[in-house]
Each structure stands twice: as structure tokens, then as C-alpha cells.
Amino acid sequence: LDNGNGELRIDSTGTINNIGNLNLVNQENNTGLIIDGTIKNKGTMNVTNYSGVNGLEIGGTITNEGDATFTNYSNDFYIKSKGNITNNAGTNAEGEETGTLTLHNKSTAGDFNIKGTVTSNGKALNMQNDGAGFIVNGNVTSTDGVAAIRNTNGEFLVDTNGTITSEGTGLSIVNNEDATGINIKGKIVNKNQLVMQNTGVDGFNVSGSIENTGTTQLTNSSEALGGFTLDSTGKITNNGGALSITNNAKGGMNIKGLIKTNDDGTVAIYNLNSDLKIGDTTDNNYYVDSDGDVYIEVTDGDLLNAAGEKTLIRTTNQGGGSLTINVDNGAIGEEVATGVGAGSRDWNKSINVNIDGTISATSTGSRSLVNIASSGKDMKLNQITADGQVYLLADDMNGGVNTYNILNYNDKNTPNIKAAGMSLIASGNIGKEGENVKAVTF
């Protein structure tokens with residue numbers, strides 16, 4: 001069907017059933033391409049809109065078996081709330097697997113707006129927006145193969161009612177530098193590999209949820225001020241595998257919401273050229289909560305407590321669950337009065353932790369210091385190194401009756417602490433006493 005004048009519309013009562021190639025084209029100087037009816041095709045489908053104030057609108061049901069491509073060049077690419085595109089795997093005449101679904105908004109003036117449903121049951125899902133913005137306020141699902149989503153202009157927004165689900169081999173979401181930012185208010189749910197990357201000026205913001213079973217890489221890279229923010233309502237959950245979050249934008253990294261890994265999953269957080277702040281003023285607690293090791297690296301910035309008297313980092317794997325913090329040219333926590341005895345130290349300025357495994361930390365530079373407090377667990381020291389002062393505390397910030405120790409868990413015969421000065425306070429012992437004496441060394 002090739003329309004050269006006016007509008008190409010398949011009305012709500014209209015139906016197309018086809019086996020073979022199906023091409024729907026709305027040529028230039030027309031008013032748009034609207035599909036409110038039903039299309040069923042087995043073969044290759046191409047739907048193209050070149051012009052029109054209505055753009056490409058889909059409010060009906062489209063089902064295809066094979067490869068399907070939807071392209072819009074004018075105004076909005078709009079999948080309305082009742083719109084449904086489903087693409088299934090197929091086989092071509094040569095016996096080769098087909099089933100790639102491609103949706104591309106090439107209109108620089110309009111949005112790519114999904115309020116309905118897009119389902120890919122074939123070998124690949126490719127979606128790209130070059131227009132004013134990419135908005136998902138419906139459901140995008142990929143059940144097989146790889147899913148790749150790219151935004152080159154405007155904001156990439158998964159709104160509060162939006163969900164992107166991928167159960168295939170992987171999901172990638174890339175927001176280019178000419179776009180503004182990634183904003184996740186709804187849900188991302190994935191199995192296998194998840195890669196999300198933003199180079200837009202407004203940063204990477206999560207107030208909804210991101211959940212993956214597999215390896216997760218979240219990256220925010222920009223020369224602008226837009227940083228990485230996990231808002232107070234935001235949750236990032238990784239079920240097994242490694243979770244890594246990287247920010248090198250000047251806006252810094254703010255972890256106000258909750259990061260959780262299960263099934264021996266690990267957490268690695270990298271922040272460059274700015275401060276990493278953990279915590280908020282809500283009832284949130286255990287902001288980084290890992291069933292495996294936690295690694296934090298900050299370059300040219302500080303690691304700071306923004307929560308006050310709450311636990312920032314927890315590990316729950318008794319077979320491991322160690323914490324390593326490396327800060328190059330910056331501080332870990334803030335300077336405090338040394339105090340005398342348990343209860344005298346200010347928990348508002350320390351990096352408060354609850355760690356099953358060992359603790360290692362390094363701070364270098366003119367602002368160097370290490371201020372770590374262990375609440376509710378013994379502090380098992382591997383090695384703490386600082387150009388400046390070291391402040392360590394093992395106690396219960398809630399004032400419980402149990403006592404907690406600072407212990408030597410370094411098996412390399414090197415000092416536990418290397419620093420310009422130090423202050424250690426424990427409600428229990430500093431070093432192990434009894435039959436197997438092992439002192440804390442410095």
C-alpha cells in the first residue's frame with residue numbers, strides 16, 4: 001500500500017491479512033500514517049511514514065512473523081495506549097532464522113512515545129529515537145535474543161507507568177551525548193547482561209527501579225554537571241553476578257536510594273572528578289547492601305556520609321562480603337574529634353558500615369583521611385592506609401548492650417594501619433586476646 005496524497009489510515013474496523021512481503025508507505029506532502037485496525041503478516045513487513053502532522057500513529061494491533069521495520073520521518077512516532085506491536089520469529093525461503101523488530105523515529109521534530117505495548121519474540125529488538133525525546137509509558141518486552149535501545153536526541157524517559165523487560169541474551173540502553181539524559185521513573189527488568197550508558201548533559205537519574213539477573217553495567221560519562229543520582233525512591237537490584245556503577249561527570253554521584261545484590265552478587269562503584277555521597281534524610285538504611293564483596297573507588301573527590309546516624313554499607317555473605325575503599329586525592333568521611341571511649345564519636349561524619357568480611361581502605365592526597373565506623377559487627381581490619389589521619393570505631397550506633405571489637409584480619413604480615421596519626425575506639429577490644437593473641441598493628 002503506497003499512499004501519495006492525503007492520509008494513509010487503517011481504521012479500527014480495517015483488517016489486513018498477508019503472507020509474504022508487506023509494505024505500507026505514506027509518501028511526502030501527506031498528513032500521516034495511522035493504524036487503528038488489525039494487521040497480520042507472515043514474512044517481511046515495512047511500515048514507513050515520510051510526512052504529515054499526524055506522524056506515525058499506531059492504535060491497533062500488528063502481528064508479524066519474520067522481520068519487521070517501522071520508520072517515521074515526520075512529527076511523532078506514537079504507539080497509543082491501545083496500540084500493540086508483536087513480532088515473532090520466522091524462517092525465510094532460504095531456511096534462515098528471521099524475527100528482527102526495528103522501530104526508528106528519524107523525525108527530529110517529534111517524540112518517540114510508547115504508551116501501548118511492543119513485544120519482540122524473535123531474534124532481536126532494535127529501537128532508536130532521533131527526535132525530541134524517547135518516552136516509554138507503556139510496556140516494551142523482549143523475550144528472546146538481544147535488545148538494543150538508543151536515544152540520540154532529547155531525554156530518554158521510562159515514565160512511572162513504563163516498563164522495559166528483557167529475557168533474552170542481553171539489553172543495552174545508550175543515551176548519546178547530543179541527548180539530554182537518562183531518567184528512569186518506571187521499571188527496567190532484565191535477565192543476563194544489562195548495559196546502560198549515558199553521555200547526555202543531564203546525567204543518569206533513577207527514581208524507579210532497575211533489576212537484573214546477571215551482569216549489570218551502569219555508566220554516566222559527561223563533561224557537564226549532570227551526575228549519577230539514585231533518588232530516595234530508587235532501587236537497583238542485582239540477582240547474582242557483578243553490578244558496576246561508574247560516574248565521571250562533574251555533578252558527582254548521589255546514592256539516596258537502595259542498591260541491593262543477592263546470590264553472592266558483588267558491587268563495584270567508581271566515581272571520578274567529584275564527590276560520592278551516600279545517604280538521605282528518609283527512612284532508608286543500608287544504601288549499599290551486598291551479598292558479596294563491595295568495592296568503591298573515588299578519584300579526585302571525597303566519599304561522604306549524607307545520611308547521618310545510619311548504616312551506609314552492609315555485606316551479608318558470611319563466607320566473604322569484604323569491603324574495599326580506595327580514594328585517590330580525597331577523603332573517606334570527615335574529620336572528627338578523637339574522643340575518649342565508646343559513645344564519644346560522631347557517627348554523622350563517618351562512613352558507617354556493617355561488614356561480614358574484612359575492611360580495606362586507602363586515602364591519598366592533601367585532604368587525606370579515613371573515618372570508618374562499624375556498627376553492630378566487629379571491624380575486621382585488613383589494611384588501612386592514609387596520608388592523613390585515621391579514625392576507626394567499633395560500636396553500636398543505636399546504643400545496644402553488645403560490645404564490638406577492632407580485630408587484625410591481615411594475613412600478609414603487614415601493618416593494619418599506616419597513617420600520619422590515628423584514633424581507635426571500640427566498645428569491646430582492640431586486638432584479640434586469649435589463647436590466640438593477635439594485636440592490631442601499625
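**Figure 1. Alternating side chains along strand E27 in the predicted model.** Strand E27 pairs with strand E24 (residues 170–175) in the parallel sense, over six bridges. Within this pairing, Ser172 has Val195 of E27 as its bridge partner. Strand E30 (residues 216–220) also pairs with E27 in the parallel sense, here over five bridges. Met196 stands opposite Leu218 of E30.

**Figure 2. Strand E4 and its parallel partner, strand E7.** Of the five residues of strand E4 (residues 22–26), four are buried, so the strand is largely enclosed by the rest of the structure. Strands E4 and E7 (residues 45–49) run parallel and are joined by five bridges. Asn26 stands opposite Asn49 in E7.

**Figure 3. The salt bridge between Glu57 and Lys80.** The side chains of Glu57 and Lys80 meet at a distance of 3.7 Å, N to O. Glu57 lies in strand E8 (residues 56–58) and Lys80 in the loop between strand E11 (77–79) and strand E12 (84–88), so the pair ties together parts that are 23 residues apart in sequence. Glu57 is buried because its relative accessible area is 18%, under the limit of 20%. Lys80, at 22% relative accessibility, counts as partly exposed. Both residues belong to a network of salt bridges that also links Arg9 and Asp36.

**Figure 4. The salt bridge between Lys310 and Asp280.** The N to O distance between these side chains is 3.5 Å. Lys310 is in the loop between strand E40 (303–305) and strand E41 (313–315), and Asp280 is in the loop between strand E37 (276–278) and strand E38 (288–290); the pair links distant parts of the chain, 30 residues apart. Lys310 is buried, with a relative accessible area of 13%, and Asp280 is buried at 6% relative accessibility.

**Figure 5. The salt bridge between Arg367 and Asp302.** The closest N and O atoms of this pair are 3.0 Å apart. Arg367 lies in the loop between strand E44 (359–363) and strand E45 (369–375), while Asp302 lies in the loop between strand E39 (294–299) and E40, so the pair ties together parts that are 65 residues apart in sequence. Arg367 counts as partly exposed, at 39% relative accessibility, whereas Asp302 is buried, with a relative accessible area of 14%.

**Figure 6. Stacked rings of Phe112 and Phe134.** A search of the whole structure finds six aromatic pairs. In the pair of Phe112 and Phe134, the ring centres are 4.7 Å apart and the planes are 25 degrees apart. Phe112 lies in strand E16 (residues 112–114) and Phe134 in strand E19 (residues 134–136), so the pair ties together parts that are 22 residues apart in sequence. Phe112 is buried, with a relative accessible area of 0%, and Phe134 is buried at 1% relative accessibility. Phe112 and Phe134 form one aromatic cluster with Phe77 and Phe156.

**Figure 7. Arg314 over the ring of Tyr286.** The charged end of Arg314 sits 3.7 Å from the centre of the Tyr286 ring.

Conventions
Residues are numbered from 1 along each chain as its sequence is written. This is a predicted model: local features need pLDDT of at least 70, side-chain atom pairs count only at pLDDT 80 or more; totals for chains, interfaces and linings use all residues. Side-chain values use heavy atoms; hydrogens and water are left out. A salt bridge is a side-chain nitrogen of Lys or Arg within 4 Å of a carboxyl oxygen of Asp or Glu. Helices (H or I, at least four residues) and strands (E, at least two) are DSSP runs, numbered from the N terminus. Buried means under 20% relative accessible area, exposed over 50%, partly exposed in between (1.4 Å probe, protein chains only). Two strands pair if DSSP finds at least two bridges between them. Rings of Phe, Tyr and Trp (its six-membered ring) pair if their centres lie within 6.5 Å; planes under 30 degrees apart count as stacked, over 60 as edge-to-face and the rest as tilted. A charge sits over a ring if NZ of Lys or CZ of Arg is within 6 Å of the ring centre and within 35 degrees of the ring normal.
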